[in-house]
Amino acid sequence: MSEAEERRQKLDRLVSEGRSPYRNRFPGPEQVAPLLERYASFESGEKSKENHRVAGRVMIRREHGKATFLVLRDPGARIQLYGNINELGEERYGEFKHLDIGDIIGAEGPVFRTRRGELSILVKDFIPLAKGLHPLPEKWHGLTDVEVRYRQRYLDLIANDEVHQAFYIRSRVLTAIRRFMDARGFIEVETPVMQTIPGGATARSFETHHNALDMNLYMRIALELHLKRLLVGGFDRVYEIGRIFRNEGISTRHNPEFTMLESQQAYADYNDVMEMTEQLVAYVAREVLGTLEISWKDEQVDLTPPWPRLTLRELIKEHSGVDFREYPERAAMKARVGETGITVEPGWSWGKIVDELLSTFVEPKLIQPTFIIDFPRELSPLARPKDEDSMLVERFEGFIGGMEIANCFSELTNPIEQRRRFEEQAALREAGDEEAGLVDEDFLTALEYGMPPSGGSGLGIDRLCMILTDSPSIRDVILFPLLKPEKQQ
RNA sequence: GCGCCCGUAGCUCAACUGGCAGAGCAGGGGACUCUUAAUCCCAAGGUUAGAGGUUCGAUUCCUCUCGGGCGUACCA
C-alpha cells in the first residue's frame with residue numbers, strides 16, 4: 001500500500017469514529033517567532049506560567065515510547081512540541097504520536113526549554129486541523145526537482161524555507177515601494193490590462209478576443225501611455241504596479257508576464273527620475289534587508305546613492321571600441337560593428353545595432369548600480385530629445401548585476417513630434433517588425449490637449465527582487481512561473 | 001526557434017564496459033518518557049517519463065514523443 005493510501009485509510013478511520021481531522025477554526029493562535037524571542041532567555045528546565053496556542057504544519061516527528069517530539073512550522077518560524085503520556089493521558093497521547101508529518105494542527109501549553117536547550121511547548125492539549133494525505137518531501141534534502149518546485153510551488157514553500165523567505169521579501173519590497181511612492185506624493189492607479197492598441201514599449205503582445213463586442217484585444221506591454229493620459233487629466237504624480245505581458249522568449253531573466261512599477265511625475269525630467277530611482281532602490285533595500293551592501297552571485301554590490309551616470313556613447317566606446325557618433329549611416333555602422341564579431345542581421349536598424357552593442361559589450365559588465373544616459377532618438381519613440389543634441393533623447397537605463405532594472409526618460413509632450421515618431425514605428429511594423437508600435441490616435445488626441453512636462457519611469461520589480469534575494473533566475477521570484485502543461489497520460 | 005544536458009520508489013540519490021534495479025529519508029509493525037538528520041530491530045515499497053528498435057539480455061546503446069534545466073536568439 002502506498003503512503004498516500006495509508007494516510008487515506010487513517011482519514012477514513014478518524015471520520016468513521018466521528019473525529020474528522022478537518023476543523024473549521026482554531027481561534028487566536030500566536031505567531032511562533034515572537035514567542036521564541038520572548039522566551040529566548042529561558043534556561044533549561046524553565047517553564048512559562050501561562051499557556052500559549054500555536055498552529056502550523058507538522059514537519060518532523062521523533063517518537064520516544066511514552067514521549068514524542070514534533071516540529072511545528074508556522075509562516076515565520078519552527079517550534080518543537082513535546083507531548084508525553086503524563087500530560088495527555090493514554091488515549092490522547094496515542095493520537096498525538098500518530099499524527100502524520102504534513103498534518104496541520106493546533107496545540108496549547110506552556111513554553112519551556114528542554115534539557116538539550118530547545119525552546120518547546122509542553123503540549124497540554126492539541127487538535128488536528130487538516131490531514132496531510134500526501135507524504136512531504138524529505139526533511140533533510142528538501143525538494144530540489146525544479147519542475148516539481150514550479151508546478152507544485154506550495155511544496156517548494158513547505159520544504160524550502162529559503163524559498164518561503166524570498167517570496168516574503170518580495171511582498172515586503174512591494175509594500176516598501178508603495179510607502180516610498182506615497183511619501184513622495186504619488187497616487188497609485190490602475191489602468192487597463194486589455195487594450196485595443198498595445199503601446200508604450202517595443203515588444204510583441206498577446207492577443208485575446210472579446211465575444212460580446214466581437215473585437216480583438218491585446219494584453220498590455222507597458223503602462224506608460226495610460227499614465228500619461230492621467231497627467232493630461234491633472235494627476236501630477238501617478239504610479240502603477242502592474243502585470244505586463246510580452247509574447248517573447250522565456251529565460252532566466254524573462255517571464256511572459258512580469259511586474260513593472262511605472263510612474264509619471266509632472267514638471268520633472270530624467271535627472272529627477274534618476275535621483276528618485278536610486279533613492280527608491282536604496283530605501284527598499286534598507287527597509288527590507290536592513291543594508292545597502294548585498295551579495296549578488298560571487299560579488300558584493302553596493303546600492304548606496306548616488307550611482308555613476310555614464311553616457312551610452314562613452315560606455316559603448318569603452319567596452320567595444322565603437323564610437324557610434326562616427327557612424328551616423330547604417331551601412332558604415334554595420335561594417336564597423338561587423339568587425340567586433342557581432343553578426344548584424346539584415347533587418348536591424350541603426351538603433352538596433354547600437355542596442356546590440358550595449359547588450360553584448362556593456363550590460364554584462366554593469367554589476368554595480370549604474371545609470372546609462374542619453375540614448376539615440378531612434379530607440380526611444382516616446383522620449384523627449386535633448387535640447388542641445390536632437391540625435392539623442394533624455395533617457396537613462398539603470399543596471400544592477402548585469403541586468404537592466406530601470407528604463408526612464410523625460411517624456412515627449414509635443415503631439416506633432418509624437419505623431420511623427422509613431423508613424424516611423426508604424427512604417428517599421430509595415431516592413432515586418434512585429435515589435436514596432438502603432439499610431440495610437442486616442443493617445444495623440446490626449447497629448448493635443450496638453451500634457452505637462454514629465455519624468456517617466458519603469459522599474460522591473462521581478463529583477464529588483466532577483467537582486468535583493470540573490471536569485472539567479474526570475475522563476476525564483478515569481479510564485480507560479482509559466483510552464484507547459486503536463487501531457488495527460 | 002536552435003544547441004547541449006537531464007528524467008530510476010512519495011522525496012534525495014546509487015546501479016562499472018549492456019548481465020538479478022539498490023540505499024537513506026518518509027510510510028507500516030515493534031522497543032524506547034528531554035529528542036533534534038534521534039537511535040535500534042522487522043517487513044514492505046519500481047510500467048527505470050512514454051512509444052518503438054538493436055540484442056540471448058536494455059536503467060545503460062539507437063530513433064521518435066512528452067516534460068524540464070542551461071546556453072543562444074528575440075526581449076526587460
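These legends describe close-up views of a predicted model of protein with RNA strand B.

Residues are numbered from 1 along each chain as its sequence is written, and chains are lettered from A and ligands numbered from 1 in the order in which they are written.

**View 1. Strand 11 and its two partners.**
Strand 11 spans residues 237–245. Helices (H or I, at least four residues) and strands (E, at least two) are DSSP runs, numbered from the N terminus. Seven of the nine residues in strand 11 are buried. Here buried means under 20% relative accessible area, exposed means over 50%, and partly exposed lies in between (1.4 Å probe, protein chains only). Strands pair if DSSP finds at least two bridges between them. Strand 7 (residues 187–188) runs parallel to strand 11, joined by two bridges. Glu188 has Tyr239 of strand 11 as its bridge partner. Strand 12 (residues 257–266) pairs with strand 11 in the antiparallel sense, over nine bridges. In that pairing, Val238 stands opposite Gln264 of strand 12.

**View 2. The protein surface near RNA strand B.**
A residue is near the strand if one of its heavy atoms lies within 4 Å of it. By that rule, 58 residues surround RNA strand B. The closest are Arg116, Lys139, Glu147, His254 and Lys352. Of the atoms of RNA strand B that come within 4 Å of the protein, 61% belong to sugar and phosphate.

The side chain of Lys10 has an N or O atom 2.8 Å from a phosphate oxygen. A polar backbone atom of Arg115 is 2.4 Å from a base oxygen. For Glu138, a polar backbone atom is 3.1 Å from a sugar or linking oxygen. Elements giving two or more residues to this surface include helix 1 (3–16), helix 4 (146–151) and helix 11 (350–362). Strand 1 gives the most, with five residues.

**View 3. Salt bridges in the protein.**
Side chains of opposite charge can pair when their charged atoms come close. A salt bridge is a side-chain nitrogen of Lys or Arg within 4 Å of a carboxyl oxygen of Asp or Glu. The count comes to 45. Arg151 and Glu147 meet at 3.0 Å, N to O. They are four residues apart in helix 4, so about one helical turn separates them. Arg151 is partly exposed at 29%, and Glu147 is partly exposed at 40%. Asp156 and Arg149 meet at 2.9 Å. Asp156 is buried at 0%, and Arg149 is buried at 13%.

Arg336 and Glu339 form a salt bridge at 3.2 Å, N to O. Arg336 is buried at 17%, whereas Glu339 is exposed at 61%. Elsewhere, salt bridges with shared partners join Glu17, Arg19, Arg92, Glu95 and Asp125 into one network.

Note on methods. This is a predicted model: local features need pLDDT of at least 70, side-chain atom pairs count only at pLDDT 80 or more; totals for chains, interfaces and linings use all residues. Side-chain values use heavy atoms; hydrogens and water are left out. A polar contact is a pair of N or O atoms within 3.5 Å; within protein, one must be able to donate a hydrogen and the other to accept it, and residues adjacent in sequence count only if both atoms are side-chain atoms.
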